[in-house]
Amino acid sequence: MKSFRYASIALAVFTLATHALAQSNTGVTESGAPLAAPGSKAEEPATSAQGASVEPSPRFIKGNDIVVNTPRAVPAVGGSPLSFNFEEAPVAEVVRTLLGDILKVPYVLHPPLAGTVTLSTRTPIAPDQAVFLLESALQANGLAMVRDTRGTYQVGRPELLRGMGASVRQATRSETLPPGYGAIVIPLQYIGAGEMAAILKPMVPAEAIVRVDPLRNLLIMTGTRTQAEGWLDMVNTFDVDLLKGMSVGVFPLKYVTIQEVETALRLMTGGGAAPAASGGAGGAVAAGTAGAPGGTGRAGAAGAGASQGGETGAFFGGMRVVPIERLNSILVVTPRASALEEARRWIEKLDQPGDNGAEPQLFIYKVQNGNAKHLAGVLSGIFGGSTAGAGSTANSGVAPGLASGGV
């Protein structure tokens with residue numbers, strides 16, 4: 001009897017110890033942290049909350065803005081100021097006197113060198129200015145002067161000097177171009193290479209524009225320093241920060257659609273009706289921007305398209321109207337800040353509620369002396385058609401002309 005009682009007590013103690021050990025010792029990881037029980041979802045809300053709090057942010061990979069190496073510096077023609085006087089002198093004699101006798105620089109003459117030169121200075125001038133005058137005189141006789149990579153000046157006809165390996169010159173805003181005929185690299189900062197080439201093309205010789213590089217946003221041209229300095233003046237005139245100079249206004253519409261306002265503004269300015277594809281749902285507009293990758297033909301077409309779009313979409317000669325369908329707003333871009341006020345005045349005149357509009361509108365009338373359901377049935381019978389439909393509409397509590405729906 002005592003043995004049975006001792007065995008029962010031992011079995012009860014063993015059962016309690018096993019249950020307590022199962023509850024307390026849930027398991028640990030290799031780092032000593034408690035291991036969650038199978039099927040446990042205690043950490044899922046924290047993980048989901050942490051993932052919801054993380055928002056995507058823009059990532060930038062900034063470069064060093066170097067897309068072409070700086071060419072080797074060309075030393076300027078040195079020496080003391082000089083004066084000279086040539087009257088109908090042969091070209092070869094003028095070149096020998098200036099380059100060889102006065103400036104002491106190496107030169108090579110490539111005959112034939114036909115023509116005469118008249119050069120005269122009243123006061124002494126710098127040697128670089130003397131070389132500039134010599135280039136102008138050679139150009140007037142159909143000749144050119146090239147400075148090769150070793151510093152030797154080659155004088156002859158341009159078609160004979162193209163294979164001489166002239167030194168590369170890169171145009172900068174702070175330094176003057178070295179003398180000579182040859183290739184000139186013109187980096188652009190703001191304006192697109194294709195658009196700048198389209199501006200220069202009617203004003204330069206056909207062979208002057210060698211390449212349009214929209215990837216690096218630069219032009220490669222060939223010509224004398226006299227020609228290049230005139231081209232650079234034109235480039236510096238148009239190569240400005242267009243975004244900084246433009247004024248932008250967004251005008252939300254309340255009563256009319258953006259298509260109606262856009263069409264009205266185009267008709268007012270003589271641009272005709274709006275095109276079929278006016279920028280898509282987001283109202284995107286293609287513009288000639290600097291540094292847009294692509295081929296030469298595509299860049300030129302983009303520049304031409306931007307110019308044509310500016311002419312047809314112009315408002316008082318200097319404003320572009322762009323619809324933004326998603327916001328039901330009109331975007332106005334103009335180079336004159338004062339024109340935004342004029343645009344706002346016209347848009348407000350066009351954005352007015354219509355008295356006899358075709359779209360259904362909701363009006364609320366508070367009945368004072370009768371029953372609202374009875375009055376709704378009477379109005380539905382007069383304007384809505386059948387009496388049965390009016391009665392069902394009045395009993396359902398839905399206004400005449402509107403259908404009931406579920407949420």
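Is Val378 buried, partly exposed or exposed, and what is its relative accessible area? In this predicted model, Val378 has a relative accessible area of 35% and is therefore partly exposed, since that category lies between the limits of under 20% for buried and over 50% for exposed residues. Val378 belongs to helix 12, which spans residues 372-384, and together with Leu379, Ile382 and Phe383 it makes up a nonpolar patch on the surface, the four having about 420 Å² of accessible area together.

Other nonpolar residues are found in the interior. In soluble globular proteins, nonpolar side chains tend to be buried together. The largest nonpolar core of the model contains 26 residues, and those with the most contacts inside it are Phe84, Val94, Leu99, Leu119, Leu134, Leu138 and Met145. At least two residues of this core are supplied by each of strand 1 (85-90), helix 3 (91-102), strand 3 (116-120), helix 4 (127-140) and strand 5 (153-156), with helix 3 giving the largest share, six residues. When neighbours within four places in sequence are left aside, Leu134 is in contact with Val94, Val95, Leu98, Leu99, Leu119 and Met145.

In helix 9, which covers residues 258-268, the residues Ile258, Val261, Glu262, Leu265 and Arg266 are buried. These residues lie on the same side of helix 9, because the arc that they cover around the axis is only 130°.

Notes:
Residues are numbered from 1 along each chain as its sequence is written. This is a predicted model: local features need pLDDT of at least 70, side-chain atom pairs count only at pLDDT 80 or more; totals for chains, interfaces and linings use all residues. Side-chain values use heavy atoms; hydrogens and water are left out. A nonpolar core is a set of buried Ala, Val, Leu, Ile, Met, Phe, Trp, Tyr and Cys residues joined through side-chain atoms within 4.5 Å. Buried means under 20% relative accessible area, exposed over 50%, partly exposed in between (1.4 Å probe, protein chains only). Helices (H or I, at least four residues) and strands (E, at least two) are DSSP runs, numbered from the N terminus. Contact means heavy atoms within 4.5 Å. Patches are made of residues with over 30% relative accessible area and no salt bridge: like charges are joined within 9 Å, nonpolar side chains (Val, Leu, Ile, Met, Phe, Trp, Tyr) within 5 Å. Accessible areas come from the Shrake-Rupley method with a 1.4 Å probe; for residues, only the protein chains shown count as cover. A salt bridge is a side-chain nitrogen of Lys or Arg within 4 Å of a carboxyl oxygen of Asp or Glu. The arc is that of the directions from the helix axis to the C-beta atoms.
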